[in-house]
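Thank you for asking me to look through this structure with you. The points below are meant for someone opening it for the first time, and they begin with a single residue before turning to the whole.

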Amino acid sequence: MQRDTGIRALEDHDGAFDFIVIGGGATGLGVAIEAASRGYDTLLLEMHDFAKATSSRSTKLVHGGVRYLQQGNISLVLEALKERGLLQENAPHLVTNLAFVVPNYDWWEGPFYGIGMKVYDMLAGRQNFGRSKHLTREETLKHLPTIEPKGLRGGVIYYDGQFDDARLAVNMAQTVVEQGGIALNYVKVTDLIKSDDGVINGVVAVDQENGKEYRLDSKVVINATGIFTDSIRRMDDPEARDTLRPSQGVHIVLDKSFLPGDSAIMVPKTDDGRVLFAIPWLNRIVVGTTDTEIDGPSMEPVPMQEELDFLIEHAGRYLVKDPTPDDVLSAFAGVRPLVTRPDAPAGDTSEISREHVLHISNNGLVTISGGKWTTYRKMAEDTIDQAATLADVEERPSVTKHLHIHGWHEHPEQFGDLSQYGSDAPGVKGLMRDRPELAETFDDRLPIRKAMVIWGTRHEMARQVEDILARRSRSLLLNARAALDIAPEVAKLMAQELGEGDDWVEEQVQAFTELAQNYMLAPESTKVQSTT
């Protein structure tokens with residue numbers, strides 16, 4: 001997957017595409033895979049990098065949604081559990097099983113949550129990741145050796161999925177290309193093209209790297225831009241009202257010593273009703289998440305001080321070792337794409353949910369919004385079913401239930417610390433074999449090797465230092481300060497691959513320095529957004 005090759009394919013394309021998909025997050029990538037794998041002529045355009053916004057800032061869970069079960073939304077739980085199983089089958093190098101323990105401190109919690117998890121098991125059926133069961137106090141402490149022991153009565157264990165969201169997004173973009181589609185990052189759609197009778201039949205797009213403008217014809221345009229859904233809808237209809245109800249979620253990342261072992265903590269209900277997770281991930285602990293209403297979407301949301309305080313305080317309640325701001329290796333924020341239907345009455349928020357909404361405008365713009373990572377494939381299937389009818393193309397059945405995502409490997413664990421590359425791991429190893437210096441890591445605080453920079457730039461369409469440190473590797477999330485320290489070396493390696501000079505290196509380091517400030521906590525820092 002090389003950007004220059006994709007641009008040439010775009011420029012050499014003759015006639016209208018069947019589908020142009022706007023947005024390179026989970027939903028857009030899923031839609032493009034769905035379309036291309038059915039044999040439709042497909043183009044995906046992402047204005048920044050794949051999964052730059054919400055799709056790289058999740059809680060890293062592929063799950064049915066225990067909270068939705070508690071809300072009584074059985075249909076969403078059933079759909080998500082089914083999709084969870086399919087995703088593990090299709091991307092086993094990125095989706096793994098994870099044990100969750102719900103600690104019980106009140107007498108009623110054991111029976112209450114135990115029954116709930118049994119229902120969860122039952123709904124999962126044959127695709128269950130493991131059977132839930134009650135744990136004694138001693139068994140709970142064995143799974144969670146650093147859980148607060150005072151008042152602990154026992155626990156309930158259940159199983160769900162975990163994944164690397166940004167790595168999956170990159171592999172999905174590669175899958176689009178493998179299925180015959182074109183997927184491009186850093187190409188921004190600036191307008192929609194309409195026929196004389198007002199029907200949308202293409203887009204105007206600009207290459208963000210050189211400013212070149214393209215007018216691209218398409219039988220149907222699909223808006224899959226997540227938190228930016230409404231901005232594309234207003235290109236179609238300037239009077240279109242907002243459907244997004246943005247909510248920000250924040251996570252903090254701690255050293256593994258805060259929760260050693262392989263089990264996660266799930267607190268179904270904190271004092272104010274929020275769900276709290278403490279999850280082992282890439283040899284760190286991710287604690288989250290918050291749920292704070294915000295005014296509008298942002299490409300680079302910043303944690304609010306009250307959100308950080310909430311996470312640090314509540315992590316301290318459930319862990320023997322109380323974290324402080326100095327212990328936070330990174331803090332990241334994401335905006336959830338919660339939506340209401342475009343035709344819902346103004347001011348009505350009753351339809352806000354994690355379920356997806358598919359809408360076709362009077363001018364033919366297909367918009368898919370809402371949903372969550374776990375259900376991206378089903379969202380994409382529903383979208384192309386409708387879009388194919390609108391495009392008047394030959395109807396073809398979906399094949400994505402059993403379509404392997406790029407990198408699929410039956411036993412990825414054999415590749416050790418390169419397991420997340422799956423079938424690409426031998427290629428990364430080949431780089432290190434040919435140039436032994438590329439096997440070196442940049443910094444003991446981070447697992448990224450120099451070969452990963454070369455591979456990401458050469459084969460995964462990484463164009464900026466941020467692409468490598470935030471998404472091709474997860475360095476920015478694992479330790480923001482360490483990521484900032486290695487940015488100059490990363491920039492120099494990328495420059496060699498991209499044919500860029502010293503000015504580019506300097507610009508990239510400066511840009512990443514500004515970005516990384518938003519992920520670091522420091523008492524004297526003024527970067528944290530205030531709520532007052």
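1. Leaving aside neighbours within four places in sequence, Pro 337 is in contact with Thr 54, Gly 226, Ile 227, Leu 244 and Gly 370. Please keep in mind that this is a predicted model. Pro 337 sits in the loop that runs between strand 16 (330–336) and strand 17 (356–360), and with a relative accessibility of 17% it counts as buried, because the cut-off for that class is under 20%. The C-alpha atom of Pro 337 is separated by 6.0 Å from that of Pro 246, although the two prolines are 91 residues apart along the chain.

2. Ser 247 belongs to strand 11, which covers residues 247–255, and at 4% relative accessibility Ser 247 is buried. Which residues does Ser 247 contact once its neighbours within four places in sequence are left aside? They are Asp 291, Thr 292, Glu 293 and Ile 294, together with Gly 334, Val 335, Arg 336 and Leu 338.

3. For the chain as a whole, the model contains 16 helices and 18 strands. The radius of gyration is 23 Å, close to the 24 Å that the globule rule gives for 532 residues, so the protein is as compact as a globular protein of that length. Taken along the principal axes, the box filled by the C-alpha atoms is roughly 70 × 55 × 50 Å.

4. Buried residues make up 59% of the 532 residues. Of the contacts with a separation of 6 or more, 71% are accounted for by residues 24 or more positions apart. The exposed surface comes to about 21,400 Å², of which carbon and sulfur atoms supply 47%. Among the side chains, 55 are positive and 81 are negative, and the centres of these two sets lie 5 Å apart.

5. The average pLDDT is 92, and 95% of the residues score at least 70. Over residues 347–351, however, the pLDDT is below 50, and this stretch has eight contacts in the model beyond near neighbours in sequence. Residues 523–532 likewise stay under 50 in pLDDT, and the model has 17 contacts for them beyond four places in sequence.

6. Some details of the backbone deserve a second look. Most residues other than glycine have a negative phi, and most peptide bonds are trans. Against that background, the peptide bond that joins Gly 288 and Thr 289 is cis, with an omega of about 10°. Thr 289 is found in the loop between strand 14 (284–288) and strand 15 (292–293).

7. Ala 51 has a phi near 65°, a positive value in a residue other than glycine. This alanine lies in the loop between strand 2 (42–45) and strand 3 (61–62). Is Ala 51 buried or exposed? Its relative accessible area is 2%, so Ala 51 is buried.

8. Tyr 186 is not a glycine either, yet its phi is positive at about 60°. The loop that holds Tyr 186 runs between strand 7 (182–184) and strand 8 (187–194), and a relative accessible area of 4% makes this tyrosine buried.

9. Turning to the helices, Leu 431 is part of helix 11, which covers residues 425–434, and at 13% relative accessibility this leucine counts as buried. Not counting residues up to four places away in sequence, Leu 431 touches Leu 438, Ala 451, Ile 454, Trp 455 and Arg 458. One of these, Ile 454, is 23 residues away in sequence and 8.3 Å away in space, C-alpha to C-alpha.

10. Met 494 has its place in helix 15, residues 480–498, and with a relative accessibility of 0% it counts as buried. Its contacts, leaving aside neighbours within four places in sequence, are Val 453, Thr 457, Ala 462, Arg 463, Gln 464, Val 465, Ile 468 and Trp 504. The C-alpha atoms of Met 494 and Thr 457 are separated by 6.5 Å, while along the chain these residues are 37 apart.

Technical notes
Residues numbered from 1 in each chain as written. Predicted model: local features only at pLDDT ≥ 70, side-chain atom pairs only at ≥ 80, totals over all residues. Heavy atoms only, no water. Helix = DSSP H or I, 4+ residues; strand = E, 2+ residues; numbered from the N terminus. Rg over C-alpha atoms; globule rule 2.2 N^0.38 Å. Buried < 20%, exposed > 50% of the residue type's maximum accessible area, 1.4 Å probe, protein only. Contact = heavy atoms within 4.5 Å. Areas by Shrake-Rupley, 256 points an atom, 1.4 Å probe, with all protein chains shown as cover. Lys, Arg positive; Asp, Glu negative; His and termini not counted. Charge placed at Lys NZ, Arg CZ, Asp CG, Glu CD. pLDDT = per-residue confidence, 0-100.
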